[in-house]
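Trainee: I am new to this structure and would be grateful for a close look at one helix and its surroundings. Please describe that part in a connected way.

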Amino acid sequence: MNSNLSPSNSSRFEGCTLTGALSVLTEVRDAIAVIHGPAGCTHHNFSLLHATHLANDRLEAPRLLSTRLTENGIIFGGEDALEETLARAVSLSPAAVFVLSTCIVETIGDDVAAICAKHQEVPVIPVPTAGFLGGVFETGVRNALSSVASLAGPADEETLSANLVGEKNLEYGVEENAAEIVRLLSRIGIGVNLRFVRGIETRDIGRLGSAAVNILREPALRPVAEDLQRRFGTPYVDSFPAGLAGTCRFLEEVGRICGIDADAAVEEERAYQAEMLGAFDDIAGSRVSFQSPHPMLRGDPGAEAICTECAGALDLAVEEDGAAIPLPYPAPVGTAGLRRMLNRWRVLIREKQRG
């Protein structure tokens, strides 16, 4: 057995904390992220983020600086290099600076927090990352969200609104997913207070505590939500809605938290779902077979249940020799996400039928 594929090394396939954190921090548009480590770490992440932005028709470049740690810094310590880079970052007049460490910095033991604390001109926030030594991609996301939240003070007043917490900024379709949440919340008269963190400025973070509910992108973000609940008293829903019944439950849960009777909204959504399913009558009765995603990708435990639910609603037969339908990851969001998923099913079913 290849040791690189052993369970003890499986976290290597779940991404680096640095990349996870940057997927959050680069969405604070007037801030700068400083990566304390070799230039290659910054180059790799800049390339990834920039390519992802271009794929989503976003033409801006992420604002990253590197301390460009060399062998000399690795041997004798890199705190001087960090000092110099922070001085350069502050000279660019950002509203905030986030400082992320790499594997090398964690190994040599630079006191990043102490260096950051010396700067008073703007908030200079150390973000626990430490590359692959600090955890995995999701660890970086959680740590970055908590670090950004440290910039928020007490809310002036609570509003009947929701924060979207931890959107997957590198995910294709992130804007479509947010639009679906906005549509669903509008059914019960609730608006979005803050997309935390997606396309905001530092001053916007001050509104974080004023929402009536936090809506997490996925349950893995519960530690962040619990921290926000301790700080601001804001209750939370632990994931974006998935599935036909799950979308209706989402409306019920948000309504319950916000003290709103959601019965009428749920009935409207069920009617909307029935109309959506009716548009796929042409594939009713077809045979399908649900397939696991690529073995290197983590599967969504709820994906098969959602697919089975939709297959039942469309009277599809789940059989071994049916059209191969890959289980989605992540799960489609709301009714609009199911419509996009079913459009892909239709293509695969027709290809199978043409054989």
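Mentor: In helix 13, the buried residues are Gly334, Thr335, Ala336, Gly337, Leu338, Met341, Leu342, Trp345, Arg346 and Ile349; buried means under 20% relative accessible area, exposed over 50%, and partly exposed in between, with a 1.4 Å probe and protein chains only. The model is predicted: local features need pLDDT of at least 70, side-chain atom pairs count only at pLDDT 80 or more, and totals for chains, interfaces and linings use all residues. Residues are numbered from 1 along each chain as its sequence is written, and side-chain values use heavy atoms, with hydrogens and water left out.

Helices (H or I, at least four residues) and strands (E, at least two) are DSSP runs, numbered from the N terminus. An α-helix has 3.6 residues a turn, so residues three or four places apart point the same way.

The cover over the buried residues of helix 13 includes helix 8 (174–187), helix 10 (244–258), helix 11 (263–278), strand 9 (287–291), helix 12 (303–313) and strand 11 (323–326). Contact here means heavy atoms within 4.5 Å.

As for length, helix 13 has 21 residues (334–354), which at 1.5 Å a residue should span 30 Å, and its end C-alpha atoms agree, being 31 Å apart. The expected span is 1.5 Å times one less than the number of residues. Just after helix 13, Gly355 has a positive phi of about 50°.

Strand 9, part of that cover, runs parallel to strand 11, joined by 4 bridges; two strands pair if DSSP finds at least two bridges between them. Phe290 has Ile325 in strand 11 as its bridge partner. Strand 9 also runs parallel to strand 10 (residues 317–318), with 2 bridges, and Val288 stands opposite Val318 there.
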